[in-house]
Amino acid sequence: MQKRRSFLFVSGNSPSLVQDAPVFNPDAIVFDLADRVDNDNKDCARYLIKEALTSLDYSNVEVIVQINPLDTGFGPVDLSVISRVKPGSIMVPKATSEMLKEVDLSLTKIEEEESFEARSIKLIPVIDSAYGVEYINDILDSSNRITAIWFNAEKLLADFNTNRTKEGDEIRYARSRVAMEC
């Protein structure tokens, strides 16, 4: 696997950005179906990314798709549709160990149905809640598909109902805990 030094986040509902993303030569492109797409455009974004991964050339970049949280109606559909076009990784927001075990099982079934190499789709849990910080060790142990963790400080602060300061003291513990567990 190549090094992941630069990530380009691209809104899943922007055809021009989806098409042009590889031009910027990032190590990884993260097609976001969750945070950058409003609820009215979730279905369109999902199918835009599915078609892009089927027809455009992303061979020189790692492709990661951030699905919607599984506790929404969008997340399970995202997982089913997107995993069938075999992105490199699925980014899972609001990750819990139980959720990642469920995603792992779903991916295994899809890989068998589609005749993909076993465990070819990797997972990147998003640590974006107090729960995620507290149980990060369980999250990391939940699947051997996990190749990275994404720490989303802004979502964590929303979970804490607090604001970010210039000094960043409010995320120091969480950031340190994530780094130590990794």
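Leaving aside neighbours within four places in sequence, serine 120 is in contact with Lys86, Gly88, Glu111 and Arg145, where contact means heavy atoms within 4.5 Å. I start with this residue, serine 120, which lies in the loop between H4 and strand S5 (122-127). Serine 120 is buried, with a relative accessible area of 17%; here buried means under 20% relative accessible area, exposed means over 50%, and partly exposed is in between, with a 1.4 Å probe and protein chains only.

Before I go on, a word about what we are looking at. This is a predicted model, in which local features need pLDDT of at least 70 and side-chain atom pairs count only at pLDDT 80 or more, whereas totals for chains, interfaces and linings use all residues. Residues are numbered from 1 along each chain as its sequence is written, and side-chain values use heavy atoms, with hydrogens and water left out.

Now the overall architecture. The protein has eight helices and six strands, and from the N terminus on these elements run β-α-β-α-β-α-β-α-β-α-α-β-α-α. The radius of gyration of the protein is 16 Å, close to the 16 Å that the globule rule gives for 182 residues, so the protein is as compact as a globular protein of that length. That radius is taken over C-alpha atoms, and the globule rule is 2.2 Å times the number of residues to the power 0.38. Helices (H or I, at least four residues) and strands (E, at least two) are DSSP runs, numbered from the N terminus. Along its principal axes the C-alpha trace spans about 45 × 35 × 35 Å, and of the 182 residues of the protein, 47% count as buried. Among contacts between residues at least 6 apart in sequence, 67% join residues at least 24 apart.

Let me turn to the sheet. The six strands form an open sheet in the order S1-S2-S3-S4-S5-S6, with parallel pairing. Strand S1 (7-11) and strand S6 (150-151) stand at the edges, each with a single partner strand, so one side of each is left without a neighbour in the sheet. Two strands are taken to pair if DSSP finds at least two bridges between them.

How many bridges join strand S2 (residues 28-32) to S3? There are five, and the two strands run parallel; in S3, the bridge partner of valine 30 is isoleucine 64. On to the next pair: strand S3 (residues 62-66) is joined by three bridges to strand S4 (residues 89-92), and these strands also run parallel. Isoleucine 64 stands opposite serine 89 in S4, while valine 65 has isoleucine 90 of S4 as its bridge partner.

Five of the five residues of S3 are buried, so this strand is largely enclosed by the rest of the structure. Glu62, Ile64 and Gln66 point one way from S3, and Val63 and Val65 point the other way. In S4, Ser89 and Met91 point one way and Ile90 and Val92 the other way, and all are buried.

Is lysine 50 buried, partly exposed or exposed? At 26% relative accessibility, lysine 50 counts as partly exposed. Lysine 50 and glycine 12 are 38 residues apart in sequence and 9.9 Å apart in space, C-alpha to C-alpha.

Two loop residues deserve a look at the backbone. Lysine 86, one of the contacts of serine 120, is found in the loop between H3 and S4, and its phi is near 55°, a positive value in a residue other than glycine. Lysine 86 is partly exposed, with a relative accessible area of 38%. Asparagine 161, placed in the loop between helix H7 (153-160) and helix H8 (169-181), has a positive phi of about 55° although it is not a glycine. At 72% relative accessibility, asparagine 161 counts as exposed.
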